[in-house]
Every structure is written in structure tokens, then in C-alpha cells.
Amino acid sequence: MYLGSVKFFKHLILLTLGLVLLVPVGLATHYALINVQLNKELQALKLSNLANLVYVQQRETEPVWQHSFQATEEGVTDYNFDLEYQNLYEDLYVGEIPKQERASNAIYLTFDDGPSQLTLKILDVLLEKKVKATFFVVGKNLESENGEHILKRIVQEGHAVGIHTYSHIYSEIYGSIEDYLRDFYKTYDLIYRITDIKPDIYRFPGGSINSYNNTIYQELISEMFRRGFVYYDWNVSSRDVAGKVTQQQIYDYVVPSCLKNSRNIILFHDSAGKVNTLKALPAIIDELTAEGYQFETLSRNVAPITFGYRD
């Protein structure tokens, strides 16, 4: 009889040893895959912090896609590649892009990843200093507590609002053109329903060129431009995306970099943990005001600062 025999117990011992070995290997493989994903996210964030090195700062040339398409409410008017995603979200068009200008001595304060409770305190600082800023909002945060209220206050106080996607999850939004449009449209629709304003500017999570979208970014940018949307990267980073950056470091990253340029788009973040950004902001505004800079908001009338293509 097999059950209870020496052979049975030998097989049972081998099976047990196999399971003992298999479980750790399986867990190790699982956590290794998670670690790879986290490393890719970190790499994208590093690219964000160092992106001003990619940007061709002195030339400010127009992106190569700038004159490829002309967007209207009815769609593209120059030519059409008959791609299926061009038929998605028929109301996701904001008209022809106007003539754009490059103002001298201009500062554009921009805040990504909000709104959050910290955004309210940042708005207090901006109100006290009498300066305007641009907020690239994450759609899912608009559905959190006070999200709608904060967005309405941003608009009521004269600041600009742009789209920073709905989920901000790199692996989801950059899976394909269709994935990006689906995510983008959710935030577009939310902002419109809350404020009655159709947002027409946006910022890519990780910047326009990053390790997640490097196979689709030119096609993606062209499609967004065809629909009339303009994106804005930055040429000065506060580097506040790093968890341990101090108030003084943020000031030291921003002010000297701005003084090298006639106009600057500064990257800040207003997610809940960026307390040192809030603390550094008043002194940054005061110093740049003393240097003769004017604080403006971004709109499609403003020529974008964009990262250079690598290929």
C-alpha cells in the first residue's frame, strides 16, 4: 500500500522541501518585480529633477511638432493620419493655438501634484505677496476632501489651472496614447464641471520626456497639440520632489538659477508633504521681485519652455 509506506514518506519529504524552497523564491521574485517598478518611478523623478539639463536653455527653439497641425473645434485642419485614437473624446478640443509670446523678466511659479491642504497655505502666501501662479492639478485629488473648494479658490483668486493627469501613475498613463487620453480626459471633465473652465494647458508627470513615455512621447505630444493643448516643462527646479530637501536648499536651487535667465518656469510641488516649499516661498518671491522679475500665469499665449528631443 502506497499510503503510509516508506516511498510515501520519501515523496512527502521531497514535496515539503520543494515547497520550503519554492515559497521564498516566489516571494523574492514578487518583491524583485516591485523593486524594479519602484526604481523606474524613481528614475522618472530623477529625470524630472535634472530635466533642466536636457532643456536647451539658451535657444528656446520651438518644438519640432509646432507647425505640424492646426487644431480647431472641428478637429485637425491641415492633415490627418486617420489614427483610431483621434476619434476618441470628440469634445476634447480647445481650438487653434494662438500666437505665443516670450515675455522678458518673467517668472512663472508652477505647482504640481495638488490640490492638498498645503495648497491653501500656499494660496495665502501668494495672496499676501500679490503674485499669481499656475497649478497643474491631479484629478483624483479634486475628488478628495476640500478638493473642489480648493480648486474654486485657485480660480477665484486669479491663478491659472492646468492638467497633470488624473492618476499620476506613470505605468498606467504612459501605456499608450489611448491610456493617456483616457486619464487626461477624466481631469479635463472634472475641472470643467467644477469651474466651468475648459483647461487648455498641461504638464506631463515626469516632464515631457521621461523613462516611461520615451517610445510614444513625440506621437503623444503631436496628438495633444492637434487637439489644441499646450504643455509646459520647466527650466528651474526647486527639487522639492526629494523627501529630505530643506527650506534653504530649495531657496538655493531656485534663486541663483532664475538669475541666469530672462524668463523662468519654476517647478514646485504642493502635495501635502511639501512643507519646506511653503516655508521657502516667501523669501524666493521677495528676492526675485527685488531683482525686477514680474510674476505671471501660464496660458496658451505664453511660449512654452520644453525639454529637447534626444533622438
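Reader: In which loop is His-168 found?

Author: This is a predicted model, and in it His-168 is found in the loop between β5 (160–163) and α6 (170–173). The phi of His-168 is near 65°, a positive value in a residue other than glycine.

Reader: What makes Arg-239 count as partly exposed?

Author: Its relative accessible area is 33%, and buried means under 20% while exposed means over 50%, so Arg-239, with its 33%, is called partly exposed. The place of Arg-239 is in the loop between β8 (236–237) and α9 (247–258), and Arg-239 has a positive phi of about 60° although it is not a glycine.

Reader: Which kind of peptide bond joins Gly-114 and Pro-115?

Author: The bond that joins Gly-114 and Pro-115 is a cis peptide bond, with an omega of about 0°. Pro-115 is found in the loop between β3 (106–112) and α3 (117–129).

Reader: Why is α5 called roughly perpendicular to α7?

Author: Helix α5 (residues 147–156) and helix α7 (residues 177–195) pack at an angle of about 70°, and their axes are 10 Å apart. Angles of 65 to 115 degrees count as roughly perpendicular, and the angle of about 70° falls in that range, so α5 is roughly perpendicular to α7.

Reader: Which residues make the contact of α5 with α7?

Author: From α5 come Glu-148, Leu-151, Lys-152 and Val-155, and from α7 come Ile-191, Ile-194 and Thr-195. These residues of the contact divide into four nonpolar, one polar and two charged.

Reader: How do you know that β3 and β4 pair, and in which sense do they run?

Author: Two strands pair if there are at least two bridges between them, and three bridges join β3 to β4, so the two strands pair, and they run parallel. In β4, the bridge partner of Asp-112 is Phe-136. The chain crosses from β3 through α3 to β4, and this β-α-β crossover is right-handed.

Reader: Over how many bridges do β4 and β5 pair?

Author: β4 and β5 pair over four bridges, in the parallel sense, and the bridge partner of Thr-134 in β5 is Ala-160.

Reader: Are the residues of strand β4 (residues 134–137) buried or exposed, and which way do they point?

Author: Thr-134 and Phe-136 point one way from strand β4, whereas Phe-135 and Val-137 point the other way, and all of them are buried.

Methods
Residues are numbered from 1 along each chain as its sequence is written. This is a predicted model: local features need pLDDT of at least 70, side-chain atom pairs count only at pLDDT 80 or more; totals for chains, interfaces and linings use all residues. Side-chain values use heavy atoms; hydrogens and water are left out. Buried means under 20% relative accessible area, exposed over 50%, partly exposed in between (1.4 Å probe, protein chains only). Axes are lines fitted to C-alpha atoms, for helices over the stretch in contact, and angles run from 0 to 180 degrees between N-to-C directions. Angles under 35 degrees count as roughly parallel, over 145 as roughly antiparallel, 65 to 115 as roughly perpendicular and the rest as oblique. Contact means heavy atoms within 4.5 Å. Ala, Val, Leu, Ile, Met, Phe, Trp, Tyr, Cys and Pro count as nonpolar, Asp, Glu, Lys and Arg as charged, and the others, Gly among them, as polar. A crossover is right-handed if, with the strands pointing away from the viewer, the path from the first strand over the helix to the second runs clockwise.
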